[in-house]
Amino acid sequence: MAKADSNPADITNHEATASSVTNSAFVPAARGRAFARSSVWLAPALVHGLISWHILSDVRLGTTGGASTIVTVAMIALLIPFALAGVAMIVLGLRWLLLALWPGRVGVTADARSLHLAFGPFGSRTYDVDRLDTKYYFELSIDIVEVGFEALLPDEEQVANFLPRLLHPDAKTPINRTIMRFAGGTEAEVACALRPMIAHWRGEEATVEASA
């Protein structure tokens with residue numbers, strides 16, 4: 001499989017590769033960003049744990065007296081949602097950490113027949129392009145809520161700097177949003193890497209610049 005030459009606009013660390021329109025393109029997941037996000041979630045989870053431990057250490061369920069028992073039960077009831085929030089942050093933080101350390105290749109692979117998203121602990125899924133709805137902002141009605149200022153930009157600039165809206169019956173949210181949640185690089189860089197395959201899905205002829 002022939003690979004494209006390197007390009008300064010390629011994804012961070014030049015990991016993204018785009019071959020000819022008839023082959024495939026790959027955009028790696030942002031492992032560094034995933035590690036940073038894990039810290040964002042795990043740090044407050046640690047604070048939650050310390051606070052919960054401090055509160056629980058002061059709770060004395062065996063204390064006699066009706067008023068004291070009521071206060072204790074009330075404290076525990078208030079602590080439960082607080083503790084659950086901490087557990088949720090730990091789980092999410094660990095998922096991002098696992099993505100950063102995932103041993104296999106994680107990222108987006110696009111070819112003529114499918115769009116495959118592999119994000120380690122966040123799961124993997126494959127979408128057939130025959131049922132993929134691929135439209136740029138200039139092709140959407142201005143009344144659609146998700147259309148923003150990007151729709152006012154020239155068509156060529158939208159194609160160069162943004163992913164099209166990618167909808168599929170099996171996807172609950174637009175796939176382009178999921179891609180940008182995990183992919184490394186800016187949206188313009190991701191759009192550049194995937195442009196040959198997007199053009200192929202749309203029945204267009206990829207330009208030499210897009211496939212370089």
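**Entry 1: H168**

I began with the surroundings of H168, which touches Y127, D128, R131, L132 and I175 when residues up to four places away in sequence are not counted. Contact here means heavy atoms within 4.5 Å. I noted that the model is predicted, that local features need pLDDT of at least 70 and side-chain atom pairs pLDDT 80 or more, and that totals for chains, interfaces and linings use all residues. Residues are numbered from 1 along each chain as its sequence is written, and side-chain values use heavy atoms, with hydrogens and water left out.

I located H168 in the loop between β7 (165–167) and α4 (175–182). Helices (H or I, at least four residues) and strands (E, at least two) are DSSP runs, numbered from the N terminus. Is H168 buried or exposed? H168 is buried, because its relative accessible area is 6%; the classes are buried under 20%, exposed over 50% and partly exposed in between, with a 1.4 Å probe and protein chains only. I also found a polar contact of 3.0 Å between the side chains of H168 and D128. Such a contact is a pair of N or O atoms within 3.5 Å; within protein, one must be able to donate a hydrogen and the other to accept it, and residues adjacent in sequence count only if both atoms are side-chain atoms.

**Entry 2: the chain as a whole**

I counted six helices and seven strands, in the order β-β-α-α-β-β-β-β-α-β-α-α-α along the sequence. Of the 212 residues, 37% are buried. For contacts between residues at least 6 apart in sequence, I recorded that 61% join residues at least 24 apart.

**Entry 3: helix α5**

I followed α5 (residues 187–201) and found a kink of about 55° at R195, shortly before the proline P196. The bend at a residue is the angle between axes fitted to the seven residues ending there and the seven starting there. The helix α5 is mostly covered, with 11 of its 15 residues buried; R195, P196 and W201 are among them. Just after α5, G203 takes a positive phi of about 75°.

I placed A45 in helix α1 (residues 31–58), where A45 counts as buried because its relative accessibility is 6%. Neighbours within four places aside, A45 is in contact with G86, M89 and I90. The C-alpha atoms of A45 and M89 are 5.6 Å apart, although 44 residues separate the two along the chain.

I then turned to T109 in strand β3 (residues 107–111). At 18% relative accessibility T109 is also classed as buried, and its contacts beyond four places in sequence are A25, F26, S114, L115 and H116.

**Entry 4: aromatic rings**

I looked up ring pairs, which are rings of Phe, Tyr and Trp (its six-membered ring) with centres within 6.5 Å; planes under 30 degrees apart count as stacked, over 60 as edge-to-face and the rest as tilted. The count by this rule is six aromatic pairs. Y136 and F138 form a stacked pair because their ring centres lie 5.8 Å apart and their planes stand at 5°. Of these two, Y136 is buried at 1% relative accessible area, whereas F138 is partly exposed at 30%. I also noted that ring pairs link W96, F119, F122 and F182 into a cluster.
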